[in-house]
Amino acid sequence: MSKIPNPQELLSQQTRTSIIEPAFHQIQTPAYVFDLKLLEDNLNYLKLLAESLQIKIIFAQKSYSFYSTYPLISSYLRGSTSSGLHEALLAKEEFSGEIHVYSAAYKKDEIEELLEFVDFIYFNSFEQWQKYKSLISAVENNGRKIEVGLRINPGYSETEHDIYNPAGKFSRLGITAEAFHQGVNSYGLDGISGLHFHALCQENSASLAKVLNSFEEKFGSYLKQMQWFNFGGGHHLTRADYNVGQLTDLIQDFRNRYPTQTIYLEPGEAISLDSGFLVSEVLDIVENEIEIAILDTSATCHMPDVIEMPYTPRVFLLDEAYVQGDYYLEAEIISNEQLLDKNKNIYRLGGPTCLAGDIIGNYSFPRKLRRGDRLVFCDMALYAHVKTNTFNGMPLPDLVVLAKDGNHKLKRKSSYFDFKNRLGPYDVIT
Ligand SMILES: Cc1ncc(COP(=O)(O)O)c(C=O)c1O
């Protein structure tokens with residue numbers, strides 16, 4: 001294997017935090033801005049990584065489904081993975097390469113449609129596999145090979161937030177070692193060509209090392225008979241401090257024991273990490289012991305992970321000085337204890353919805369905020385735009401691309417019909 005640089009050596013970190021782009025002043029808000037240069041930086045790196053490690057990296061669509069950019073993404077990766085029929089259909093229509101699909105449970109009509117085009121299908125239990133085995137055989141008898149895998153629960157995870165911990169207590173995601181042994185006793189493994197696990201969330205290689213240990217310890221006796229393994233997503237491969245040296249050692253080590261098996265990684269976040277923004281405007285500023293800026297974007301509708309995860313995104317204030325020069329101001333994220341400090345231009349940022357908890361975070365700004373100010377939220381090209389909703393009739397953010405030459409282009413304008421069409425009846429009930 002050739003030496004792979006660390007992400008920080010290859011990715012243009014300078015650009016990744018720099019948001020000095022005219023687009024941020026010119027576009028209508030709210031808008032997600034997808035920066036193609038930053039995206040392609042990540043993709044270049046991932047391609048190099050996959051080639052050097054001789055693994056296959058596929059794209060977990062659940063984190064990012066802005067499909068205008070799928071041709072670009074698929075030119076760097078080996079394929080995609082989907083969470084069910086609809087994502088798989090999107091992959092079929094817009095993405096090239098292998099199509100993988102995993103769902104915790106499939107309905108019969110979904111399986112029938114999926115089997116027409118997917119290359120890999122993963123089951124979450126022996127029972128689901130058995131239920132649909134004859135349908136798969138029928139497809140294969142017609143000359144189309146489908147790789148069938150089982151998702152297992154490796155029995156170890158370091159993911160802190162329970163909501164994002166697929167291997168946590170009582171998890172329904174993946175077959176436990178005990179259920180697996182029973183399943184093998186009842187049904188065997190004839191027809192299963194690979195095993196899949198997903199047990200990481202925004203993690204470095206050290207977590208993978210422990211998950212792999214547990215995987216081998218609990219499932220080791222079945223591994224030699226497999227043709228491929230999928231180590232899931234959650235690898236923060238494009239993060240500046242990702243330890244690619246340890247990943248290289250882990251893969252090499254694993255390959256020494258299982259030399260003929262193909263290794264897949266299916267990251268989502270790492271594909272578009274730090275490559276997108278959500279631009280918004282301060283609509284009003286109200287006071288209730290503290291100052292609260294009400295924006296035209298909403299935590300609950302446009303960045304629900306801020307509430308679910310929870311986390312507080314980085315924010316830049318676009319100062320008007322920027323228009324003449326090159327100025328943008330990063331706000332400091334502050335704790336609840338500092339909230340009452342009157343000397344630090346502290347604001348709580350919230351959305352215009354009726355939800356009391358529609359709060360993005362508390363920030364200290366380098367100057368007083370004004371109505372009409374523009375704020376840019378960072379790292380918004382993952383999960384945020386696929387999890388949007390129109391609660392309260394909130395408009396969805398527009399979708400804008402920032403091309404490599406610096407020009408921006410509106411790709412999708414949001415409208416009242418995004419809201420109405422999702423909710424409406426086929427006909428009026430009288
Ligand atoms: C099965 C599976 N694969 C891949 C991913 C992608 O993970 P990430 O976006 O954290 O890399 C997820 C995320 O939930 C997942 O559930």
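1. Helix pair. In this predicted model, helix H10 (residues 205-223) packs against helix H11 (residues 244-257) at an angle of about 20 degrees, and their axes are 9 Å apart. Because angles under 35 degrees count as roughly parallel, H10 is roughly parallel to H11. The crossing of H10 and H11 is left-handed.

2. Residues of the helix contact. On the H10 side, the contact is made by Ser205, Ala206, Leu208, Ala209 and Leu212. H11 contributes Gln246, Leu247, Leu250 and Phe254. By class, the contact of H10 with H11 has 7 nonpolar and 2 polar residues, with no charged residues.

3. Glutamine 202 is found in the loop between strand E7 (194-196) and H10. Its phi is near 55 degrees, a positive value in a residue other than glycine.

4. Ligand surroundings. Which residues are closest to the ligand? They are Ala60, His198, Gly233, Gly268 and Glu269, from a set of 14 residues that surround the ligand. By class, this shell has 5 nonpolar, 6 polar and 3 charged residues.

5. Domain arrangement. The protein is divided into domain 1, covering 55-271, and domain 2, covering 276-423. Taken over C-alpha atoms, the centres of domain 1 and domain 2 are separated by 34 Å. At the contact between them, 10 residues of domain 1 meet 10 residues of domain 2. The side of domain 1 that touches domain 2 has, by class, 3 nonpolar, 5 polar and 2 charged residues.

6. Threonine 29 and proline 30 are joined by a cis peptide bond, with omega about -5 degrees. Proline 30 lies in the loop between helix H3 (23-26) and strand E1 (31-35).

7. A further cis peptide bond. Between methionine 309 and proline 310 the peptide bond is cis, and omega is near -15 degrees. Where does proline 310 lie? Its position is in the loop between helix H14 (305-308) and strand E12 (315-318).

Methods. Residues are numbered from 1 along each chain as its sequence is written. This is a predicted model: local features need pLDDT of at least 70, side-chain atom pairs count only at pLDDT 80 or more; totals for chains, interfaces and linings use all residues. Axes are lines fitted to C-alpha atoms, for helices over the stretch in contact, and angles run from 0 to 180 degrees between N-to-C directions. Helices (H or I, at least four residues) and strands (E, at least two) are DSSP runs, numbered from the N terminus. Angles under 35 degrees count as roughly parallel, over 145 as roughly antiparallel, 65 to 115 as roughly perpendicular and the rest as oblique. A crossing is left-handed if the near helix is turned anticlockwise from the far one by less than a right angle, and right-handed if clockwise. Two residues are in contact if their C-beta atoms, placed from the backbone, lie within 7 Å. Ala, Val, Leu, Ile, Met, Phe, Trp, Tyr, Cys and Pro count as nonpolar, Asp, Glu, Lys and Arg as charged, and the others, Gly among them, as polar. A residue is near a molecule or strand if its C-beta atom, placed from the backbone, lies within 6 Å of it. Domain bounds come from an automatic or database domain assignment.
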